[in-house]
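Please look over the structure shown here.

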Amino acid sequence: MPPALQSRAAPALPGTAAAVATRGARPHMAGCINAVVAIPDMDTALPDIDHQRVVFDDGLMLECGQSLGRLEIAYRTYGQLNAERSNAVLVCHALTGDQYVAETHPVTGKPGWWDMAVGPGRPIDTERFFVICSNVIGGCMGSTGPLTRRDDGEGPWGTDFPPVTVKDMVAAQRKLVEHFGITRLFAVVGGSVGGMQVLQWAANFPEMVFAAVPIATAPYHSAQNIAFNEVGRQAIFADPDWQSGRYWETGRIPSRGLAVARMVAHITYLSEEALTRKFGRRVRGGQALTAFADLFEVESYLRHQGSSFVGRFDANAYLTITRAADYFDLAEEFGGDLRAAFRGSRTRFCLVSFTSDWLYPTAESRAIARALNGAAANVSFVEIESDKGHDAFLLDEPEFHRALRGFIAGCAEHAGLP
Amino acid sequence: MDVVQPEGVRYVAKNMRVDLRLIAEMIAPGSRVLDIGSGDGSLIDHLYRTKGCDARGIEIDMAEVTRAVVHGLPVMHGDADHDLAQYPDGAFDYVVLSRTLQAVERPREVLRQMLRIGRSALVSFPNFGHWLLRWQLLWTGRMPMTSVWAKAWHETPNIHPCTIRDFFALCEEEGYTVEKWLAIDEAGQKAPWTRAVGMANMFGEQALFQLKRI
């Protein structure tokens with residue numbers, strides 16, 4: 001367990017909150033920029049949606065030593081579980097993803113986040129496989145997290161929600177998988193923080209994972225990864241509407257802070273080439289010589305990303321999950337030797353990285369591959385040529401989808417699936 | 001070879017190179033095999049389908065890696081010089097290096113690694129002792145070029161050419177047992193000079209060795 005888990009990280013930088021304490025009065029910008037700032041203040045929390053979920057009254061013991069008295073897991077499934085219960089594929093979502101993999105999202109109305117890869121006839125073919133995806137614990141789409149009512153029933157957890165880890169997320173997913181009566185998953189697949197969950201699954205429950213596909217991921221969160229997450233967290237802490245995390249009391253949510261966190265994170269999901277290709281230095285609207293009236297297209301795009309994120313994500317959940325990602329260091333659990341995490345594993349692995357991904361670069365996938373080789377595990381490893389950065393794993397990348405389809409098909413043959 | 005294959009699965013080994021067929025014949029069913037420089041994966045596919053081997057590949061060309069993975073084969077990006085050190089001792093029954101030894105940076109180290117991670121090494125290489133090469137060098141005084149050695153000296157990736165005699169000498173120096181060896185002609189057919197090293201070195205275009213550590 002990471003030592004930092006025992007005490008929750010200190011919140012906002014001292015003094016920061018005071019500097020921007022009065023809402024709307026940002027002195028250095030007053031009268032100049034407010035008119036064009038596209039991030040709206042939103043005073044509404046996430047819409048109350050009745051997500052499909054299962055409740056475990058026996059709760060979950062967390063790595064930090066605290067336990068959740070009651071565990072709710074919101075999930076979606078696609079396809080049919082066969083009679084032998086041998087065709088289940090668990091998809092693990094990334095930092096701000098959720099269980100709506102391959103269907104219209106009930107909050108945003110947008111297509112599922114991975115419907116290019118999951119669905120009828122897709123690389124993970126729902127006509128052949130039973131696909132499960134659950135919202136991670138600590139999340140905000142229906143699984144137990146900071147939005148959930150406390151065990152004692154006194155309001156939501158908020159920032160008192162215990163720190164969770166990737167290992168805790170996987171422990172919760174395991175309860176769901178066992179709830180379906182599945183003893184072995186045909187495959188566990190995920191990108192980014194989802195890929196970390198895949199690695200954790202393979203390390204902790206190798207006998208339950210026939211094939212593992214960690215995509216665009218890393219064996220631990222690097223200092224740079226943590227640094228970017230920290231900028232996002234500080235943006236939330238600095239928003240006066242964050243109100244020490246008890247924003248439900250006033251009904252005003254820290255939308256600006258959360259939007260800025262998303263904007264920073266979104267830059268890390270792209271690449272310089274992709275930004276140049278999409279936006280270059282193009283400016284839209286605005287009158288000449290007005291410092292902030294002109295809007296570079298890339299600014300407009302980021303603001304849109306920030307403000308639309310606020311409508312589907314909870315700030316405290318963002319703090320919780322980014323922290324879980326920061327804590328991730330798979331080798332630490334195995335005496336600092338990543339090979340030990342996979343020793344004796346019979347799981348078939350397929351690692352995928354993307355050339356322009358600088359958030360979880362190919363070198364990190366290669367480090368996983370080296371450890372897997374050191375454990376004499378069965379490994380495929382492809383690096384896909386793409387200029388789309390980290391986000392490439394979510395986008396239309398035919399070469400990646402062909403490799404994913406081929407690996408899954410090959411494994412299905414080895415597993416004796418029809 | 002008569003192999004019943006499931007529908008929809010492409011059988012990449014159909015047009016397998018003849019030297020790979022000879023290598024496949026030397027591999028026992030059900031064994032663990034690492035193919036270094038696995039190309040499109042035809043050897044590992046063949047070994048899995050016809051012999052039930054746990055066969056894996058490493059390949060330096062990413063396009064070939066992707067092609068193999070697309071066909072469901074366990075291949076990863078890597079190369080002989082740098083990536084063998086990662087594997088634990090005795091991880092494989094056979095480690096295969098076909099037509100690549102002459103192109104690696106440190107052939108002696110690659111062989112050592114192969115025999116550390118595998119119980120047995122299968123190595124094939126083009127023979128620089130072939131009479132045509134000797135004749136060209138003698139007669140023209142310039143670096144020989146043949147269908148096997150097809151690139152000019154300044155362009156060839158084959159930086160460590162050797163002859164069959166050279167290879168025998170290296171095996172002796174390193175203390176490897178030559179379990180089997182054979183010379184192969186241009187078309188990849190077995191050549192009949194196995195008994196006499198001198199003849200094989202003169203007339204064999206390629207050689208295939210099976211080595212063990214004593």
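Predicted model: local features only at pLDDT ≥ 70, side-chain atom pairs only at ≥ 80, totals over all residues.

Residues are numbered from 1 along each chain as its sequence is written, and chains are lettered from A and ligands numbered from 1 in the order in which they are written.

At the interface, 21 residues of chain A are in contact with 19 residues of chain B (contact: C-beta atoms, placed from the backbone, within 7 Å). On the chain A side, two or more residues each come from β13 (348-354), α10 (362-374), β14 (378-384) and α11 (398-415); helices (H or I, at least four residues) and strands (E, at least two) are DSSP runs, numbered from the N terminus. With eight residues, α11(A) gives the most to this side.

The largest nonpolar core has 173 residues, and Val131(A) is one of those with the most contacts inside it. Such a core is a set of buried Ala, Val, Leu, Ile, Met, Phe, Trp, Tyr and Cys residues joined through C-beta atoms within 7 Å; buried means that 20 or more other C-beta atoms lie within 10 Å of the residue's own, all placed from the backbone. Beyond four places in sequence, the contacts of Val131(A) include Val89(A), Val101(A) and Ile124(A).

Helix α5(A) is mostly covered, with twelve of its 15 residues buried. Among them are Arg256(A), Arg262(A) and Met263(A). The covering elements include α4 (223-238), α7 (297-310) and α8 (315-327) of chain A.

How values were computed
Contact = placed C-beta atoms within 7 Å.
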